[in-house]
Amino acid sequence: MPIRDPIDFVRHAARNSPWLVMSVLAHLMLLVALGFVVIRHGTGKRPNDGGLLVVTREHEEPTFEPVEAPVPTDRTRIPPNQPGEVVDQTPVYVPSDLVPQDFDPTQPIGDPLSTELLPNGGASGSTAIGVGTGGNRGNGPSPWSSVFPGRTPLPPKGVKGTIGRTFQIDKAVRDGLIWLCRHQNPDGSWSPRSLPERCDPQRPCFDPKLHATVNYDEGLTSLALLSFLGAGFSNLSQQDLVDSVRAERHRIGEVVKKGLVWLRARQNTDGSFSRDRAFMYNEALATMALSEAYGLTGNRTWKDPAQRGVDFLEKAQRPSPSGSGLWGWRYASRGEIEDFRKGTDDASYPKELFDSDTSVTTWCVMALKSAQLCGLQVRQESMDGAVEFCKFVTANDGLVGYLDAKTAGQIVTGPFDGQFTYHPTTMSALGMCIRIFARHDAGDPFLDQAAKRILLDLPTVAKDHASLDYYYWYYASLALNQLDGPDSPKRTGKYWNTWNQSMVDAVLTLQDHTDRACTSGGWIASDRWGSYSGAGPLYATALNVLTLEVYYRYPNAFGTKRN
């Protein structure tokens with residue numbers, strides 16, 4: 001018999017069978033409670049929600065701050081004066097929320113997804129002296145990024161020539177950055193003293209015979225940061241690097257941020273960064289890293305310490321022995337020499353006050369130029385003084401001295417003189433960079449003289465590794481690429497093409513590719529200067545990555561190329 005009025009039916013049942021109604025209500029309440037439990041359990045957040053990969057580690061993963069999505073840009077032409085982030089065109093980086101749940105990071109397949117899936121929007125700037133317009137990959141963006149998304153950035157079988165070489169360079173940079181991620185300290189720094197703690201005991205990266213020190217941690221951390229910044233990655237970058245050796249993912253922005261925060265915390269009240277006394281290599285590199293971080297993001301978090309670093313570099317510059325103007329830089333700051341000698345009548349004081357060297361001066365010029373192009377305040381007097389010192393140490397045959405023109409071509413001595421060959425044209429490359437970035441004079445006759453000298457000493461890899469000099473290779477690559485590389489107004493390639501072939505062959509040959517080893521992706525073989533500082537693979541890896549980034553890091557200082 002159908003129920004016409006449900007409410008009247010319930011009232012009737014309550015009067016005649018109250019026990020039945022109470023039983024039904026009790027069961028209904030129990031079912032509702034169980035339903036809430038099931039629903040809550042079914043919708044709870046799982047470890048792999050959002051495609052995040054869970055890797056078992058000894059320490060809990062850091063919590064990443066939410067940041068805006070990155071923007072794909074054309075690496076061959078960087079939009080001017082637009083804050084944001086550079087996204088590599090090769091498929092080797094991926095935002096973590098796009099990773100498939102079944103992705104296995106222990107498999108060395110590069111990136112599981114193409115960067116084409118990144119959200120649309122915004123623009124970015126380049127880095128270093130490349131902040132603003134310009135910068136050329138050399139062979140252009142990797143052409144296979146859209147053809148073969150998800151594959152390791154190597155050309156298909158049988159592909160050779162410039163396209164294949166571009167892929168080799170991109171992969172070498174990517175692998176070098178992964179090695180640096182793997183060996184970063186928890187506090188954000190990189191240090192040769194703590195390198196054993198970051199390495200696998202069975203296959204360590206470091207040479208136990210080298211004397212490890214913490215005296216250069218500020219400079220080495222800056223050098224490592226510059227290799228990330230040089231690829232266009234800032235503390236805002238959301239892409240991850242997949243380390244198949246340790247089955248880890250590294251958020252690039254977090255790696256850079258931790259390093260920058262550590263570096264900023266190291267800054268002293270006078271603007272220097274070294275822990276005990278100013279060491280001008282540390283100061284120049286730290287200033288450059290913070291300047292580039294500001295140039296990429298426009299964030300005052302990095303601007304203020306960068307400007308204080310610039311101010312310290314300018315105060316540390318030595319006075320000209322002519323009695324007016326400025327000169328070069330040396331290991332110690334001008335203020336330290338003046339304070340130490342104050343109140344004395346030592347006859348050697350003037351000489352010590354004017355004392356400068358080509359190597360430190362070049363790093364300071366690069367730091368000031370980077371800061372200048374990032375919009376920081378730099379005195380032209382400092383650049384003019386550096387050029388005057390450069391002229392002072394320049395000989396008439398394309399060679400440059402370390403301390404003066406009389407020492408041009410002579411060995412810069414060190415504890416490893418018998419183990420490594422000295423390359424006299426190292427100082428010629430440094431002199432070229434000072435003139436190029438401080439004067440912008442493509443017609444300077446010294447540039448061709450020095451370039452011809454450099455081509456007589458191309459990069460090679462001897463069996464005993466005595467020929468290795470990463471420092472020389474970096475600065476010569478930078479100088480010749482500027483002189484007549486793809487973006488130069490000359491664009492003849494007369495010097496650059498010959499050097500580039502030898503340089504890439506040597507640098508790529510020396511990168512470690514030991515399967516599943518802590519050394520994989522790094523440059524483990526030490527050179528003359530890496531051995532001297534005890535920095536070994538930290539110095540070598542960061543500097544070689546920077547060498548391979550000269551294709552797209554810097555615009556041409558002489559202007560745009562001819563059509």
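1. Ground rules. This is a predicted model, with local features needing pLDDT of at least 70 and side-chain atom pairs counting only at pLDDT 80 or more, while totals for chains, interfaces and linings use all residues. Residues are numbered from 1 along each chain as its sequence is written, and side-chain values use heavy atoms, with hydrogens and water left out.

2. Overall make-up. The protein chain has 19 helices and three strands; these are DSSP runs numbered from the N terminus, with helices being H or I of at least four residues and strands E of at least two. Of its 563 residues, 55% count as buried. Buried here means under 20% relative accessible area, exposed over 50%, and partly exposed in between (1.4 Å probe, protein chains only).

3. Contacts along the chain. A contact means heavy atoms within 4.5 Å. Looking at contacts with a separation of 6 or more, 73% join residues 24 or more positions apart.

4. Ser-227. You'll find Ser-227 in helix H5, which covers residues 217-230. Ser-227 counts as buried because its relative accessibility is 0%. Setting aside residues up to four places away in sequence, Ser-227 touches Leu-177, Leu-180, Ala-542, Val-545, Leu-546 and Glu-549. With Leu-546, the C-alpha atoms are 5.4 Å apart, even though 319 residues separate the pair along the chain. A polar atom of the Ser-227 side chain also lies 2.5 Å from the backbone oxygen of Ala-224.

5. The neighbour, Phe-228. In the largest nonpolar core, which has 124 residues, Phe-228 is listed with Trp-363, Met-432 and Tyr-475 as having the most contacts inside it. Such a core is a set of buried Ala, Val, Leu, Ile, Met, Phe, Trp, Tyr and Cys residues joined through side-chain atoms within 4.5 Å. Not counting residues up to four places away in sequence, Phe-228 touches a list including Leu-177, Leu-180, Trp-190 and Phe-233.

6. Thr-287. Another one to click on is Thr-287, in helix H7 (residues 280-297). Thr-287 has 0% relative accessibility, so it counts as buried. Beyond its neighbours within four places in sequence, Thr-287 is in contact with Phe-273, Ala-306, Gly-309, Val-310 and Leu-313.

7. Cysteines. Searching the whole structure turns up zero disulfides, a disulfide being a pair of cysteine sulfur atoms within 2.5 Å. For Cys-199, the nearest cysteine sulfur is that of Cys-205, 3.7 Å away. Cys-199 counts as buried because its relative accessibility is 6%, and Cys-364 counts as buried at 0%.

Definitions and conventions:
Polar contact = N/O pair within 3.5 Å; in protein donor to acceptor, adjacent residues only side chain to side chain.
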